[in-house]
Amino acid sequence: MMPELVLIYARAANGAIGHEGTLPWRLPADLRRFKQLTMGKPMIMGRKTFESLPGLLPGRRHIVLTRRERWESEGAEVAGSVDEALALARKGDASDEIAIVGGAAIYDVFRPMANRVEVTEIHEDFPGDVFMKPLGEQWEVTARDDHPAGEDTPAFSFVTYGRRDPDETRSNA
């Protein structure tokens with residue numbers, strides 16, 4: 001059986017997902033959710049996303065999709081193409097999911113193949129230099145968990161999107 005491809009990211013109201021190589025906000029609940037969604041799973045990411053991590057994240061495989069021919073980093077599996085990244089993720093892994101964790105260009109490549117999207121929607125604008133467009137009509141909300149603003153955190157929602165039936169999408173057009 002083919003593992004499910006799941007895009008996982010946090011997005012500000014203005015579409016920002018990154019600023020100067022880091023997240024533009026501090027949201028501990030989002031980091032806990034990211035850990036819960038990725039633990040024990042292979043994660044596919046771009047080189048810049050990998051380099052922005054504080055180090056190797058325990059309990060997860062790090063598959064880095066990069067165009068750089070001689071790039072390597074201890075603990076990372078390197079892929080030069082989407083097919084190679086998917087083959088590495090499937091190789092020797094009993095996980096029923098592959099987590100796609102960034103950045104924007106990686107999300108764009110894998111979005112047409114994804115089965116599900118897990119988004120932390122942050123209900124505030126943040127400065128950014130990396131942005132994600134809203135998901136299109138081919139996606140529908142299947143779960144939502146809203147959280148009010150805290151003393152040091154903006155309001156946010158954990159939202160799960162599933163791919164709509166293609167026939168349903170066409171009939172709504």
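Trainee: Which residue in strand 7 does Ile8 stand opposite?
Mentor: Glu118. Keep in mind this is a predicted model, where local features need pLDDT of at least 70, side-chain atom pairs need 80 or more, and totals for chains, interfaces and linings use all residues. Residues are numbered from 1 along each chain as its sequence is written, and side-chain values use heavy atoms, leaving out hydrogens and water.

Trainee: And how many bridges do strand 1 and strand 7 have, and in which sense?
Mentor: Seven, in the parallel sense. Strands here are DSSP E runs of at least two residues, helices are H or I runs of at least four, both numbered from the N terminus, and pairing takes at least two bridges. Strand 1 also pairs with strand 6, residues 97–100, again parallel, over four bridges; there Glu4 has Glu97 as its bridge partner.

Trainee: Is strand 1 mostly covered or uncovered?
Mentor: Mostly covered, with eight of its nine residues buried (buried is under 20% relative accessible area, exposed over 50%, partly exposed in between, with a 1.4 Å probe and protein chains only).

Trainee: New topic: which residues lie nearest the centre of the largest pocket?
Mentor: Thr49, Ser52, Val101, Gly102 and Gly103, out of 46 lining residues. Strand 1 (4–12), helix 1 (28–38) and helix 4 (104–110) are among the elements giving two or more residues to that lining. A pocket is an open set of points on a 1 Å grid where a 1.4 Å probe fits, with protein on both sides within 12 Å along at least five of seven lines, and lining residues have an atom within 4 Å of a point.

Trainee: Which element gives the most?
Mentor: Helix 1, with six residues.

Trainee: What's up with the peptide bond from Gly102 to Gly103?
Mentor: That bond is cis, with omega near 0°. Gly103 sits in the loop between strand 6 and helix 4.

Trainee: Where is Glu20, and what's its phi?
Mentor: Glu20 is in the loop between strand 2 and helix 1, and its phi is near 55°, positive although the residue isn't glycine. Most residues other than glycine have a negative phi, and most peptide bonds are trans.

Trainee: Why does Glu20 count as exposed?
Mentor: Because its relative accessibility is 64%.

Trainee: Last one: what's the mean pLDDT of the chain?
Mentor: It's 92, and 94% of the residues reach 70 or more (pLDDT is the predictor's confidence in each residue, from 0 to 100). Residues 169–173 fall below 50, though, with five contacts beyond near neighbours in sequence (contact means heavy atoms within 4.5 Å). Where pLDDT is low, the predicted coordinates should not be read in detail.
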